[in-house]
Amino acid sequence: MSALWTARTVAEATGGSMHGAFHAHGVAFDSREVGPGDLFVALKGTQSDGHDHVEKAFAAGAAAAVVERPVRGAHVRVADTTEALVALGCAARARTQAKVIGVTGSVGKTGTKEALWQALDRKAPNRAHRSVKSYNNHVGVPLSLARMPADSLFGIFEMGMNHEGELAALTRIVRPHVAIVTAIAPAHIGHFGGLEAIADAKAEIFEGLLPGGTAIIPADSPFAARLYNKAIRYADKVMTFGFSRDADVRVVDEVPARDGGTMVTARLPGGTINFHVAAPGRHWVSNALAIMAAVEAVGGDLAIAGLALAEMPGLPGRGERRRVAVEGGTILLIDESYNANPASMEATIGQLGREEAGRRIVVLGAMKELGDQSDALHAALAGPIGEAGISDAILIGEEMKPLAEALEGRLALRHVPDAQTAIDSLRPLLRADDVVLVKGSNSIGLSRVVAAIAGGTR
């Protein structure tokens, strides 16, 4: 296996000075994630300084480090390690001939990115690369690029933002051939003046498109025209997707599948395709249309993409479904613990309402960064909860108080301060044939609830 980076290529990319020869096969900036042969980039953060963990990185098998001061072991010394990481990402992007796809949106980024990777990796095994986890910010995106092998044929990169201008900077590093906006919703609305400002910030992804590039936008969004007007300034081609009859990639027919997914017939500019989306929910049908549009745009195989969508499992924290043993049978645990905003909350609660269940139970954590609209947006979830036939709700966090008040007297309700109290409240509640949805902003720590319940509740 050829090296991802050598002392010489790192020094050339960063303008740093070499101290010892090395060949690195991976890149990491978290010493806890360093593996044998990795290049460790010692970033200075607000909470910790990576230079304090260089020895730990070498002990874990790091081949070398990128640092701002001398260390024992092979290293490249630079003036600023954060800038060096960006430089590595830019160098990796410059040396590859891969078709690159950038993905953003208020909801659906990670799932869309993962499904695209599954589809393109099946076409070109071990030649498709993507961001791991949700590494989608000013350090995660350069890291993901720096990890891309030079001979990759496809690269898929998730890009996020919570302030104006952030995506503009990221997309100019990624320089995509295809840029996708999955949806516009009031995520991080506390940092913006309204949904129009969020749409404008998401549309920044088009600014990095390479000549001849393709923009893919949601036809059903109220901001479709706003996105289109920005996209057409940078894209050679704009494709719309959705349920609208005017969409370039649209649903002709959709039928619920027995596994909770959806059988879809979709029309693309080149013809009609039938495929199965294993992930449940109409929002996943929408994501699948964007995926098909992108696969076609980079010369992928639509039939193979359909197989990937049919077989793609739910992601931990983002829709993973687990059968958990309880006395007398099992429950279905739906893990949406990683993140939440009003749009994704409504979509997943709506899907819960379509699940066959003895009882439908929600464990919902507060939604963050909603600013002065927080109370109204939390309270508004009472409608979807009522329509979904929820019997029991455990609400976590002070921000959930308006929703608790809106639901008072309508179902069995517990409003608790933290994840541990939620666990204690949920354990004795469960019985066979329940379906339990766990969803909230990541900072609430609902992954602890999932782990506790998935471990068994006898």
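A charge is taken to sit over a ring if NZ of Lys or CZ of Arg is within 6 Å of the ring centre and within 35 degrees of the ring normal. The charged end of R130 sits over the ring of W117, 3.7 Å from its centre. R282 places its charged end over the ring of F243, at 3.8 Å from the centre.

The model is predicted: local features need pLDDT of at least 70, side-chain atom pairs count only at pLDDT 80 or more, and totals for chains, interfaces and linings use all residues. Residues are numbered from 1 along each chain as its sequence is written, and side-chain values use heavy atoms, with hydrogens and water left out.

A search of the whole structure returns one aromatic pair. Rings of Phe, Tyr and Trp (its six-membered ring) pair if their centres lie within 6.5 Å; planes under 30 degrees apart count as stacked, over 60 as edge-to-face and the rest as tilted. The pair is formed by F29 and Y135 and is tilted, with 5.8 Å centre to centre and 40 degrees between the planes. F29 lies in the loop between β4 (26-28) and β5 (38-41), and Y135 in the loop between β9 (128-130) and α5 (140-146), so the pair ties together parts that are 106 residues apart in sequence. Helices (H or I, at least four residues) and strands (E, at least two) are DSSP runs, numbered from the N terminus. Buried means under 20% relative accessible area, exposed over 50%, and partly exposed in between (1.4 Å probe, protein chains only). F29 is partly exposed at 21%. Y135 is buried at 14%.

Two strands pair if DSSP finds at least two bridges between them. Nine strands form an open sheet of mixed pairing, in the order β9-β10-β8-β11-β12-β13-β14-β15-β16. β9 and β16 (271-277) stand at the edges with a single partner strand each, so one side of each is left without a neighbour in the sheet. From one strand to the next, the twist averages 20 degrees. Axes are lines fitted to C-alpha atoms, for helices over the stretch in contact, and angles run from 0 to 180 degrees between N-to-C directions. Within the sheet, β8 (residues 99-104) and β10 (residues 154-158) pair in the parallel sense over five bridges. V100 has G155 in β10 as its bridge partner. Helix α9 (residues 282-297) packs on the sheet, and its direction makes about 140 degrees with that of β14. The strands touched by α9 include β8, β14 and β16, where contact means heavy atoms within 4.5 Å.

β17 (residues 320-326) and β18 (residues 329-336) pair in the antiparallel sense over seven bridges. R322 has L333 in β18 as its bridge partner. The two strands form a hairpin with two residues between them, and G328 in the turn has a positive phi of about 90 degrees.

The structure holds 20 salt bridges, each a side-chain nitrogen of Lys or Arg within 4 Å of a carboxyl oxygen of Asp or Glu. In one of them, R32 joins D30, with the closest N and O atoms 2.9 Å apart. R32 is exposed at 66%, whereas D30 is buried at 16%. K44 bridges to E68 at 3.0 Å between the closest N and O atoms. This pair links distant parts of the chain, 24 residues apart. K44 is partly exposed at 47%; E68 is buried at 17%. R226 and D200 form a salt bridge with the closest N and O atoms 2.7 Å apart. R226 lies in helix α8 (residues 224-231) and D200 in helix α7 (residues 195-202). Salt bridges that share partners join R359, D392, R414 and D434 into one network.
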